[in-house]
Amino acid sequence: MIDTLFHMVLVLAMPPLLLGVIGKTKAAFAGRVGAPFLQPYYDLSRLMRKGVVISDTTTWIFKAGPAVTLAATLFAALLVPLGKHAAPVSFEGDMILFAYLFALGRFFTTVAALDTGSSFEGMGAAREVTFSCLAEPALFFALITLTRLSGTMSLTPMLNHVTSPVWVAAGASLILLLAGLFVVLLAENCRIPFDDPNTHLELTMIHEVMVLDHSGPYFGCILYGAALKLYLLGALFVNIAVPFASGNAFVDWALFALSMLVLAVAIGVVESVMARLRLIRVPQLLVAAMILTAFSLVLVVR
């Protein structure tokens with residue numbers, strides 16, 4: 001019961017903090033003070049108090065998009081173990097549901113963008129689904145590799161199986177898996193070098209251009225859902241990269257939270273030192289991630 005409570009508190013409260021840490025890290029690299037760590041919370045609070053402007057050309061799909069996407073992501077949060085603790089919901093095959101809950105959210109985000117009738121948002125939707133077709137196989141190769149190592153298709157025992165002895169036995173495979181998974185994490189969350197969440201140039205946008213017509217609480221749901229998605233994929237990465245468990249529940253929760261903050265700093269560093277890729281280069285990097293995770297599977301089954 002206590003573990004479930006901690007799980008829900010972290011899932012609901014911590015995701016915006018990751019965005020604040022990323023922003024602060026990028027500001028430090030640029031020689032600026034930057035916005036406060038809690039700025040994403042202030043932005044969400046402000047958006048929830050604002051009014052909504054809805055185009056006359058849209059239908060119920062436009063309104064349902066942010067709600068369904070956020071609901072799907074929240075449900076996915078129940079399937080991912082944080083640290084070495086069991087997830088609130090766990091069953092055989094839940095890894096497939098986890099991946100396709102993200103796909104459901106992406107589907108409603110893209111159809112909500114198409115519902116506006118805007119050529120810019122349609123362009124962003126087309127890019128989003130094109131790149132996701134390359135990111136999803138890399139994610140599935142990573143999950144299948146973990147399935148081969150653990151002998152289960154459930155996320156909780158699968159990720160809890162990754163311990164120090166497993167790293168000693170299959171370290172090369174896990175390194176390739178983490179490299180591909182980190183690329184997927186950046187791509188799925190539209191981070192540099194794939195996309196720039198702070199850009200205002202419509203012709204170069206991917207995710208941001210799809211939500212140009214959303215405002216107020218609808219836009220707040222989209223921003224919070226994006227932060228939550230970053231948190232969940234980050235939790236998947238951290239569970240593999242940090243295979244340590246002290247046996248003390250509170251120490252393990254603290255270690256997991258600290259690891260997530262370190263991951264946010266790492267993302268900020270990557271975004272500070274790398275330039276955004278040209279759009280024609282994005283598929284090449286995603287294919288490279290797919291190859292890395294595929295070779296991690298080959299090393300496990302050979």
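This is a predicted model: local features need pLDDT of at least 70, side-chain atom pairs count only at pLDDT 80 or more; totals for chains, interfaces and linings use all residues.
Although cysteine 190 is not a glycine, its phi is positive, at about 55°.

The UniProt record, an unreviewed entry, places the feature "transmembrane region" at residues 60-83, 95-114, 129-146, 166-187, 217-238, 250-270 and 282-301. Two of these spans were examined in the model. Residues 166-187 are 100% helix and 0% strand, and the C-alpha atoms at the ends of this span lie 28 Å apart. Residues 250-270 are likewise 100% helix and 0% strand, with a separation of 30 Å between the end C-alpha atoms.

Helix H5 (residues 94-115) packs with H9 at an angle of about 160°, and the two axes are 13 Å apart. Because this angle is over 145 degrees, H5 counts as roughly antiparallel to H9. The crossing of H5 past H9 is left-handed. On the H5 side the contact involves Phe98, Phe102 and Arg106, which meet Lys229, Leu232, Leu233 and Leu236 of H9. By residue class, this contact of H5 with H9 consists of five nonpolar and two charged residues, with no polar ones.

The arrangement of H9 with helix H10 (residues 249-273) is described by a crossing at roughly 110°, with the axes coming within 10 Å. The angle lies in the range of 65 to 115 degrees, and H9 is therefore roughly perpendicular to H10. Seven positions are listed for H9 in this contact, namely Leu230, Tyr231, Gly234, Ala235, Phe237, Val238 and Asn239, and these meet Phe256, Ser259, Met260, Leu263 and Ile267 in H10. The residues of the contact of H9 with H10 comprise nine nonpolar and three polar residues, and no charged ones.

For helix H2 (residues 15-29) and H9, the axes come within 8 Å and cross at roughly 85°, an angle that makes H2 roughly perpendicular to H9. The H2 side of the contact is formed by Pro15, Pro16, Leu18, Leu19 and Ile22, while H9 contributes Tyr224, Ala227, Leu228, Leu230 and Tyr231. This contact of H2 with H9 is made up of 10 nonpolar residues, without any polar or charged ones.

When residues up to four places away in sequence are not counted, leucine 70 touches Cys221, Tyr224 and Gly225. The C-alpha atoms of leucine 70 and arginine 281, which are 211 residues apart along the chain, are separated by 30 Å. Leucine 74, by contrast, is partly exposed, with a relative accessible area of 29%. Leucine 74 and lysine 24 are 50 residues apart in sequence, and the distance between their C-alpha atoms is 26 Å.

Terms used:
Residues are numbered from 1 along each chain as its sequence is written. Side-chain values use heavy atoms; hydrogens and water are left out. Buried means under 20% relative accessible area, exposed over 50%, partly exposed in between (1.4 Å probe, protein chains only). Axes are lines fitted to C-alpha atoms, for helices over the stretch in contact, and angles run from 0 to 180 degrees between N-to-C directions. Helices (H or I, at least four residues) and strands (E, at least two) are DSSP runs, numbered from the N terminus. Angles under 35 degrees count as roughly parallel, over 145 as roughly antiparallel, 65 to 115 as roughly perpendicular and the rest as oblique. A crossing is left-handed if the near helix is turned anticlockwise from the far one by less than a right angle, and right-handed if clockwise. Contact means heavy atoms within 4.5 Å. Ala, Val, Leu, Ile, Met, Phe, Trp, Tyr, Cys and Pro count as nonpolar, Asp, Glu, Lys and Arg as charged, and the others, Gly among them, as polar. UniProt positions are given in the numbering used here, feature names are shortened, and annotations may be inferred rather than shown by experiment.
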